[in-house]
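User: Hi! Could you walk me through a couple of helices in this model?

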Amino acid sequence: MKLLSLIILGEPVSRQAHTHAKGFTFLPKESKHYQERVRAYAAEAMKGTAPIDFTVHVDICFRFPAPKSLRKAERLHIQNDCELIYARINKDIDNLQKNLFDGLKGVAIQDDKQIVRVTAKKVLHKIPSTIVTIYSELA
């Protein structure tokens, strides 16, 4: 059963390593801003309801802008509002997921430990965004 769908506008950002300075640990600004954006979109989609507190399946589509090196036929495909699976998107899908889940935690889902199944893909699209659908894993 579908519980929640949301589209987070803007290019997806992968989880980056924490930086250390003067005995403190900091999350890089780019990762922090992406998590804040995810929280804002999730809060809007949840409409004030409590975070989901049971096991879930998360389906994710990370959409990236087309690189300048893309062939003309591929670029036309994207401009026609189609997705293009492109092997050279230089971001690790696991780090993209980590950053997304950190943003969803406490707003859309109680904790990312509840996620028992993930389906994720990286594609090129004319509108950079992240599409997230959360399903119940309860029988």
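Analyst: Happy to! This is a predicted model: local features need pLDDT of at least 70, side-chain atom pairs count only at pLDDT 80 or more, and totals for chains, interfaces and linings use all residues. Residues are numbered from 1 along each chain as its sequence is written, and side-chain values use heavy atoms, with hydrogens and water left out.

User: Which residues of H1 are buried?

Analyst: Ser-31, Tyr-34, Gln-35, Val-38, Ala-42 and Met-46 are. Buried means under 20% relative accessible area, exposed over 50%, partly exposed in between (1.4 Å probe, protein chains only). Helices are DSSP runs of H or I with at least four residues, strands are E runs of at least two, and both are numbered from the N terminus.

User: What do those buried residues pack against?

Analyst: S1, S4, H3 and S7; contact means heavy atoms within 4.5 Å.

User: And what is exposed on the other side of H1?

Analyst: Lys-29 and Glu-44. Just after H1 comes Lys-47, with a positive phi of about 50°.

User: Switching to H3, how many of its residues are buried?

Analyst: Nine of the twelve, so H3 is largely enclosed by the rest of the structure. Among them are Leu-96, Leu-100, Phe-101 and Leu-104.

User: What covers them?

Analyst: The cover includes strand S1 (2-9), helix H1 (29-46), strand S4 (56-64), strand S6 (115-124) and strand S7 (129-136).
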